[in-house]
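Student: Can we go through this model together? I'd like to start with the surface and then move to the sheet and the charged pairs.

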Amino acid sequence: MTFAATVLTLYPAMFPGPLGVSLAGRALGEGRWSLDAVNIRDFATDRHRSVDDTPAGGGAGMVLRADVVAAALDSVGGRRPVLAMTPRGRPLTQARVRDLAGGPGAIVLCGRFEGFDERLFDARAIEEASIGDYVLSGGEMGALVLLDACVRLLPGVMGAASSGVDESFESGLLEYPHYTRPQMWEGREIPQVLRSGDHAKIAAWRKHRAEVDTRLRRPDLWERHVGVRVGSPSGARRHEDDA
Ligand code: SAH
């Protein structure tokens, strides 16, 4: 089964964009996933082909019309999760990405202007997703981020590296630091333990560094990690699900 992505956007020319090169691009060429960009404007009904209108109650900007966006969404076939990129959405996590990557694909709605008419979310089953606490000019970059994160997890896309158990967030921790040749650079050496050939010692060092780095850089992740390990059984289960 290939991962089928459909993006609804006012700017279909932004796709595949960066997803057309490197790992994702090669996988796209190999048919490991598919990408369709649907132009929301094709579903406008008036002669000006308008997709937006002024906000009810006044104020700056324009709002995407529910009727036009819903018509675009309803035209898309296939039973797949529908995600709308919104800054107020649930922050995207590696766990959600892994879940999506294991499914049939995703339909991704990209906002513009002030965003969508709220009634869209009442009338359709749509999951709102945010890529972080900052505001983009449109949902397209968010959709690219979401799809990139999914595609690299698809079977055969990354080879052995994609098992990714060590990777940041997969275990609830950040990843340990990496080094490569030259062994000495600007007077700085690769840590001795990594050159020791002692796999148990290397694993212990990496685990320790992952823990220290997470505690110092991301106390929020660390709290959750520690809480989950020593906490309630339900917490432990949730942690398993995330991994
Ligand atoms: N008025 C909105 C911002 C609209 S930004 C507000 O204040 O919340 C225009 C579009 O960019 C949004 O509809 C959404 O699709 C996209 N966007 C902006 N920031 C985003 C984020 N952090 N995550 C996901 N999508 C975002």
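**Surface, sheet and salt bridges**

Student: Where is Tyr-134 found?

Tutor: Tyr-134 is in the loop between β7 (127–130) and α5 (140–151). Helices (H or I, at least four residues) and strands (E, at least two) are DSSP runs, numbered from the N terminus. This is a predicted model, in which local features need pLDDT of at least 70 and side-chain atom pairs count only at pLDDT 80 or more, while totals for chains, interfaces and linings use all residues. Residues are numbered from 1 along each chain as its sequence is written, and side-chain values use heavy atoms, with hydrogens and water left out.

Student: Which residues make the nonpolar surface patch with Tyr-134?

Tutor: Leu-136 and Met-141; with Tyr-134 they make a patch of about 300 Å². Patches are made of residues with over 30% relative accessible area and no salt bridge; like charges are joined within 9 Å, nonpolar side chains (Val, Leu, Ile, Met, Phe, Trp, Tyr) within 5 Å. Accessible areas come from the Shrake-Rupley method with a 1.4 Å probe, and for residues only the protein chains shown count as cover.

Student: And Tyr-134 itself, what is its relative accessible area?

Tutor: 46%, so Tyr-134 is partly exposed. Buried means under 20% relative accessible area, exposed over 50%, and partly exposed in between (1.4 Å probe, protein chains only).

Student: Switching to the sheet. What is the strand order?

Tutor: β2-β1-β6-β5-β7, five strands in an open sheet with parallel pairing. β2 (33–39) and β7 are the edge strands, each pairing on one side only. From one strand to the next the twist averages 35 degrees. Two strands pair if DSSP finds at least two bridges between them.

Student: What packs on the sheet?

Tutor: α5 does, touching β1 (3–9), β2, β5 and β6 (105–110). The direction of α5 makes about 175 degrees with that of β1. Contact means heavy atoms within 4.5 Å; axes are lines fitted to C-alpha atoms, for helices over the stretch in contact, and angles run from 0 to 180 degrees between N-to-C directions.

Student: How many bridges do β5 and β7 share?

Tutor: Five, in the parallel sense, with β5 covering residues 82–91. Arg-90 stands opposite Ala-129 in β7, and Leu-83 stands opposite Glu-127 in β7. β5 also pairs with β6 over four parallel bridges, where the partner of Leu-83 is Val-108.

Student: OK, charges. How many salt bridges does the structure hold?

Tutor: 16. A salt bridge is a side-chain nitrogen of Lys or Arg within 4 Å of a carboxyl oxygen of Asp or Glu. One of them joins the side chains of Glu-170 and Arg-98 (2.8 Å, N to O). Glu-170 lies in the loop between α5 and β8 (184–185) and Arg-98 in helix α3 (residues 94–101), so the pair ties together parts that are 72 residues apart in sequence.

Student: Is Glu-170 buried or exposed?

Tutor: Buried, at 6% relative accessibility. Arg-98 is partly exposed, at 28%.

Student: What about Glu-211 and Lys-207?

Tutor: Their side chains meet in a salt bridge (3.2 Å, N to O). Both residues lie in helix α6, four residues apart, about one turn of the helix. Glu-211 counts as buried, at 16% relative accessibility.

Student: Which residues are linked in a network of salt bridges?

Tutor: Arg-88, Glu-118 and Glu-128.
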